[in-house]
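Take a look at the protein and its ligand below. Then follow the text from the surface to the ligand and on to the charged side chains.

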Amino acid sequence: MNDADNSADILFRLADTLATRLPAQGGDPDASYSAKLLARGPDAFLKKIGEEATELVMAAKDNAPDRIVYETADLWFHSLIALAHYNLRPEDVLRELARREGTSGLAEKASRGSGS
Ligand SMILES: N=c1c2ncn([C@@H]3O[C@H](COP(=O)(O)OP(=O)(O)OP(=O)(O)O)[C@@H](O)[C@H]3O)c2ncn1[C@@H]1O[C@H](COP(=O)(O)O)[C@@H](O)[C@H]1O
(Lines give C-alpha, C1' and ligand atoms only; values in the text may rest on other atoms or scores of the structure.)
Protein backbone atom coordinates (compact mmCIF):
# COMPACT_ATOMS: atom_id res chain seq x y z
CA MET A 1 0.00 0.00 0.00
CA ASN A 2 1.45 3.41 -0.90
CA ASP A 3 0.86 6.70 0.89
CA ALA A 4 -1.97 7.69 -1.50
CA ASP A 5 -3.85 4.45 -0.77
CA ASN A 6 -3.28 4.92 2.94
CA SER A 7 -4.51 8.52 3.05
CA ALA A 8 -7.79 9.86 4.42
CA ASP A 9 -8.16 11.38 0.93
CA ILE A 10 -10.00 8.17 0.03
CA LEU A 11 -12.85 9.42 2.22
CA PHE A 12 -13.06 12.62 0.18
CA ARG A 13 -12.82 10.81 -3.18
CA LEU A 14 -15.47 8.33 -2.09
CA ALA A 15 -17.75 11.17 -0.91
CA ASP A 16 -17.29 12.85 -4.32
CA THR A 17 -18.30 9.59 -6.03
CA LEU A 18 -21.30 9.04 -3.74
CA ALA A 19 -22.53 12.61 -4.39
CA THR A 20 -22.82 11.66 -8.07
CA ARG A 21 -24.97 8.65 -7.07
CA LEU A 22 -27.73 10.79 -5.48
CA PRO A 23 -31.08 10.57 -7.30
CA ALA A 24 -31.00 14.36 -7.83
CA GLN A 25 -27.65 13.94 -9.62
CA GLY A 26 -28.96 11.22 -11.90
CA GLY A 27 -27.51 8.26 -9.98
CA ASP A 28 -28.47 5.08 -11.83
CA PRO A 29 -29.75 2.31 -9.50
CA ASP A 30 -29.19 -0.28 -12.23
CA ALA A 31 -25.52 0.61 -12.58
CA SER A 32 -24.50 1.49 -9.03
CA TYR A 33 -24.97 -0.17 -5.64
CA SER A 34 -24.86 3.16 -3.79
CA ALA A 35 -27.31 4.78 -6.24
CA LYS A 36 -29.64 1.85 -5.61
CA LEU A 37 -29.47 2.33 -1.82
CA LEU A 38 -29.85 6.11 -2.09
CA ALA A 39 -32.85 5.73 -4.42
CA ARG A 40 -34.52 3.41 -1.90
CA GLY A 41 -34.13 6.07 0.79
CA PRO A 42 -33.14 6.25 4.47
CA ASP A 43 -34.85 3.04 5.62
CA ALA A 44 -32.67 1.04 3.22
CA PHE A 45 -29.27 2.55 4.02
CA LEU A 46 -29.98 2.93 7.77
CA LYS A 47 -30.81 -0.78 7.89
CA LYS A 48 -27.47 -1.53 6.23
CA ILE A 49 -25.68 0.64 8.81
CA GLY A 50 -27.31 -1.39 11.59
CA GLU A 51 -26.30 -4.66 9.93
CA GLU A 52 -22.71 -3.56 9.35
CA ALA A 53 -22.40 -2.32 12.95
CA THR A 54 -23.63 -5.69 14.19
CA GLU A 55 -21.14 -7.51 11.94
CA LEU A 56 -18.35 -5.34 13.33
CA VAL A 57 -19.40 -6.21 16.88
CA MET A 58 -19.37 -9.93 16.01
CA ALA A 59 -15.91 -9.65 14.42
CA ALA A 60 -14.62 -7.87 17.51
CA LYS A 61 -16.18 -10.43 19.84
CA ASP A 62 -14.37 -13.11 17.80
CA ASN A 63 -11.14 -11.12 18.18
CA ALA A 64 -10.61 -11.36 14.39
CA PRO A 65 -8.46 -8.38 13.28
CA ASP A 66 -8.91 -8.88 9.50
CA ARG A 67 -12.70 -9.07 9.88
CA ILE A 68 -12.71 -6.05 12.21
CA VAL A 69 -10.99 -4.00 9.51
CA TYR A 70 -13.27 -5.37 6.76
CA GLU A 71 -16.49 -4.73 8.71
CA THR A 72 -15.33 -1.28 9.80
CA ALA A 73 -14.76 -0.44 6.12
CA ASP A 74 -18.31 -1.61 5.37
CA LEU A 75 -19.65 0.51 8.23
CA TRP A 76 -17.72 3.59 7.13
CA PHE A 77 -18.85 3.10 3.53
CA HIS A 78 -22.52 2.87 4.44
CA SER A 79 -22.15 5.82 6.84
CA LEU A 80 -20.74 7.85 3.94
CA ILE A 81 -23.86 6.94 1.94
CA ALA A 82 -25.99 8.34 4.80
CA LEU A 83 -23.86 11.52 4.93
CA ALA A 84 -24.34 11.95 1.16
CA HIS A 85 -28.12 11.65 1.51
CA TYR A 86 -28.14 14.40 4.15
CA ASN A 87 -25.78 16.57 2.06
CA LEU A 88 -23.01 16.16 4.59
CA ARG A 89 -19.34 15.39 4.01
CA PRO A 90 -16.60 13.42 5.77
CA GLU A 91 -14.99 16.83 6.35
CA ASP A 92 -17.93 17.65 8.66
CA VAL A 93 -17.20 14.58 10.78
CA LEU A 94 -13.45 15.24 10.78
CA ARG A 95 -14.14 18.83 11.88
CA GLU A 96 -16.20 17.50 14.80
CA LEU A 97 -13.43 15.07 15.79
CA ALA A 98 -10.91 17.92 15.57
CA ARG A 99 -13.15 20.07 17.77
CA ARG A 100 -13.10 17.29 20.39
CA GLU A 101 -9.36 16.68 20.17
CA GLY A 102 -7.65 16.96 23.54
CA THR A 103 -10.87 16.97 25.59
CA SER A 104 -11.16 13.86 27.69
CA GLY A 105 -14.48 12.07 27.34
CA LEU A 106 -14.62 11.91 31.12
CA ALA A 107 -14.16 15.68 31.45
CA GLU A 108 -16.71 16.33 28.70
CA LYS A 109 -19.26 14.09 30.40
CA ALA A 110 -18.69 15.78 33.79
CA SER A 111 -19.21 19.21 32.17
CA ARG A 112 -22.72 18.13 31.17
CA GLY A 113 -23.72 18.01 34.85
CA SER A 114 -25.82 15.42 36.61
CA GLY A 115 -28.86 15.87 34.39
CA SER A 116 -27.44 13.87 31.44
N1 LIG B 1 -16.46 0.93 -0.87
C2 LIG B 1 -17.40 0.42 -1.47
C3 LIG B 1 -18.12 -0.69 -0.92
N4 LIG B 1 -17.98 -1.37 0.24
C5 LIG B 1 -18.94 -2.32 0.24
N6 LIG B 1 -19.68 -2.24 -0.90
C7 LIG B 1 -20.81 -3.09 -1.30
O8 LIG B 1 -21.77 -3.07 -0.27
C9 LIG B 1 -22.65 -4.16 -0.51
C10 LIG B 1 -23.23 -4.63 0.81
O11 LIG B 1 -22.30 -5.41 1.49
P12 LIG B 1 -22.75 -6.77 2.19
O13 LIG B 1 -21.52 -7.37 2.72
O14 LIG B 1 -23.84 -6.47 3.16
O15 LIG B 1 -23.26 -7.63 0.94
P16 LIG B 1 -24.68 -8.19 0.57
O17 LIG B 1 -25.13 -9.14 1.64
O18 LIG B 1 -24.55 -8.75 -0.81
O19 LIG B 1 -25.61 -6.88 0.55
P20 LIG B 1 -27.20 -6.73 0.49
O21 LIG B 1 -27.70 -7.56 -0.67
O22 LIG B 1 -27.74 -7.14 1.83
O23 LIG B 1 -27.39 -5.25 0.25
C24 LIG B 1 -21.86 -5.20 -1.32
O25 LIG B 1 -22.47 -5.29 -2.60
C26 LIG B 1 -20.49 -4.55 -1.43
O27 LIG B 1 -19.87 -4.80 -2.69
C28 LIG B 1 -19.19 -1.23 -1.64
N29 LIG B 1 -19.59 -0.73 -2.85
C30 LIG B 1 -18.92 0.32 -3.35
N31 LIG B 1 -17.84 0.93 -2.70
C32 LIG B 1 -17.20 2.13 -3.26
O33 LIG B 1 -18.21 2.93 -3.86
C34 LIG B 1 -17.83 3.25 -5.19
C35 LIG B 1 -19.09 3.42 -6.03
O36 LIG B 1 -19.78 2.19 -6.09
P37 LIG B 1 -21.13 2.07 -6.93
O38 LIG B 1 -22.05 3.10 -6.42
O39 LIG B 1 -21.63 0.70 -6.76
O40 LIG B 1 -20.75 2.35 -8.36
C41 LIG B 1 -16.94 2.09 -5.63
O42 LIG B 1 -16.07 2.48 -6.66
C43 LIG B 1 -16.17 1.81 -4.35
O44 LIG B 1 -15.11 2.75 -4.22
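A patch is built from residues with over 30% relative accessible area and no salt bridge; like charges are joined within 9 Å, and nonpolar side chains (Val, Leu, Ile, Met, Phe, Trp, Tyr) within 5 Å. Accessible areas come from the Shrake-Rupley method with a 1.4 Å probe, and for residues only the protein chains shown count as cover. A salt bridge is a side-chain nitrogen of Lys or Arg within 4 Å of a carboxyl oxygen of Asp or Glu.

This is a predicted model: local features need pLDDT of at least 70, side-chain atom pairs count only at pLDDT 80 or more, and totals for chains, interfaces and linings use all residues. Residues are numbered from 1 along each chain as its sequence is written, and side-chain values use heavy atoms, leaving out hydrogens and water. pLDDT is the predictor's confidence in each residue, from 0 to 100. The protein averages 93.

Leu 46, Tyr 86 and Leu 88 make a nonpolar patch of about 280 Å². Leu 46 belongs to helix α3, residues 42–61. Helices here are DSSP runs (H or I, at least four residues), numbered from the N terminus. Leu 46 counts as partly exposed because its relative accessibility is 41%. The classes are buried (under 20%), exposed (over 50%) and partly exposed in between, with a 1.4 Å probe and protein chains only.

Now turn to the ligand. Which helix gives the most to the shell around the ligand? It is α4, with 3 residues. Ser 32, Tyr 33, Lys 48 and Glu 52 are among the residues around it. A polar contact is a pair of N or O atoms within 3.5 Å. The side chain of Ser 32 has an N or O atom 2.4 Å from a ligand oxygen. A polar side-chain atom of Lys 48 lies 2.6 Å from an oxygen atom of the ligand. Taken alone, the ligand exposes 840 Å², and the protein buries 48% of that.

Lys 48 also has a protein partner. Its salt bridge with Glu 52 has the closest N and O atoms 3.7 Å apart. Both residues lie in α3, 4 residues apart, about one turn of the helix. Glu 52 is buried because its relative accessibility is 4%. Lys 48, at 22%, is therefore partly exposed.

Glu 96 forms a salt bridge with Arg 99 (2.7 Å, N to O). Arg 99 is exposed, with a relative accessible area of 60%.

Technical notes. Helices (H or I, at least four residues) and strands (E, at least two) are DSSP runs, numbered from the N terminus. A residue is near a molecule or strand if one of its heavy atoms lies within 4 Å of it. A polar contact is a pair of N or O atoms within 3.5 Å; within protein, one must be able to donate a hydrogen and the other to accept it, and residues adjacent in sequence count only if both atoms are side-chain atoms.
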